[in-house]
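User: Could you take a close look at one part of this structure for me? I'd like a connected walk-through, with the cut-offs spelled out.

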Amino acid sequence: MDPIHQFEIKNFFPIAHFGGYEIAFTNSALYMLISLLLILLLMLGATSSRALVPGRLQAVAEMSYEFIASTLRTAAGSEGMKFFPLVFSLFMFILVMNVIGIIPYTFTVTSHIIITVAFALLVFLTVVIYGLWRNGLRFFKLFVPTGVPIYILPLVTFIEVMSFLSRPVSHSVRLFANMLAGHITLKVFGGFVTMLGAAGLLGWLGAVLPLGLTVALTALELLVAFLQAYVFAILTCIYLNDAIHPGH
Amino acid sequence: MDPQAAKMIGAGIACIGMGGAGVGVGTIFGHYLAAALRNPSAAQGQFGNLIFGFAVTEALGIFSLLIALLLLFAL
């Protein structure tokens, strides 16, 4: 009944050896592949008919497209739409991985910080490289807000630089910690049910309370799974906006 | 003091910081709700800002949770 046990990485079979490290096909890779296949099936199934009046599947795909497209347009302007494939893939991938993780006995890929750090660094490096490539040195105006009195400008610039550098940390840790904490909470309450259930008839009566709470927490986790995927996407849009339009 | 016990106490103390983030998140959603009830037609347009404010505020609480997790499992 160890609540951490669910996050264990299991090697299925090794793929390659690289400088003393073993690259293996793990349960994490398996669930990433499953998520990818689900998204591909959804998108291919939705776009195969291309009806004027959409069916259920096509409506889901169109709604998710419109949802991300409007978010990106509001946050980064119409020029940001060239990053739509990046934001949409990130959103769908994280959303499907989060939602799959809620199903009991499955593995939550996003509850491992190495995965979320990879996503966050992808976004961070995209912002830095595209921002420098598009704006040149004007990109650094991001750190120097206009209209600030000159005597506090060094302090403000220092704070801006620090907050910019801590972005990948908070971006990745937010998703990771939310998934980790939520799943540990679920397992701890599940553990209460089995502990009380083993205590006899009175325990069975007492076990109803944590069981009900587990159901309610699962519903909350579903909300968190969607919300965190959306938060990741909207923060990506806002960071991309800084690369496209630096200077406050 | 036993280092293991000190780690546990430190992790517990680090989690106090999450209370501040709780206050902040409550303030954000409370003010959004209050403003949305005053002007419901403008509420939908501010949903992105709401989520952004929520995410930025929550990050600070997440940092203290990170310290707690580091103390418990990594250091």
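The part to look at is chain B, and above all how helix H1 of chain B packs with helix H4 of chain B.

Analyst: Bear in mind that this is a predicted model, where local features need pLDDT of at least 70 and side-chain atom pairs count only at pLDDT 80 or more, while totals for chains, interfaces and linings use all residues. Residues are numbered from 1 along each chain as its sequence is written, and chains are lettered from A and ligands numbered from 1 in the order in which they are written.

Let's start with chain B as a whole. It has four helices and zero strands, giving the pattern α-α-α-α along the sequence. Helices here are DSSP runs of H or I with at least four residues, strands are runs of E with at least two, and both are numbered from the N terminus. The radius of gyration of chain B is 17 Å, well over the 11 Å from the globule rule for 75 residues, so the chain is more spread out than a compact globule. That radius is taken over C-alpha atoms, and the rule is 2.2 Å times the number of residues to the power 0.38. The C-alpha trace of chain B spans about 60 × 15 × 10 Å along its principal axes. Of its 75 residues, 15% count as buried (20 or more other C-beta atoms within 10 Å of a residue's own; 12 or fewer is exposed, in between is partly exposed, with C-beta atoms placed from the backbone).

Now for the helix pair. H1(B), residues 3-14, and H4(B), residues 47-74, pack at about 170° with their axes 8 Å apart. Axes are lines fitted to C-alpha atoms, for helices over the stretch in contact, and angles run from 0 to 180 degrees between N-to-C directions. The two are therefore roughly antiparallel (over 145 degrees; under 35 is roughly parallel, 65 to 115 roughly perpendicular, the rest oblique).

Who touches whom? On the H1(B) side we have B:Lys7, B:Gly10, B:Ala11 and B:Ala14, meeting B:Ser64, B:Ile67, B:Ala68, B:Leu71 and B:Leu72 in H4(B). Contact means C-beta atoms, placed from the backbone, within 7 Å. By class, that's six nonpolar, two polar and one charged residues (Ala, Val, Leu, Ile, Met, Phe, Trp, Tyr, Cys and Pro are nonpolar, Asp, Glu, Lys and Arg charged, the others, Gly among them, polar).

H4(B) also holds B:Phe47, which is partly exposed, with 15 other C-beta atoms within 10 Å. B:Phe47 and B:Leu71 sit 24 residues apart in sequence and 36 Å apart in space, C-alpha to C-alpha.

Definitions and conventions: Two residues are in contact if their C-beta atoms, placed from the backbone, lie within 7 Å.
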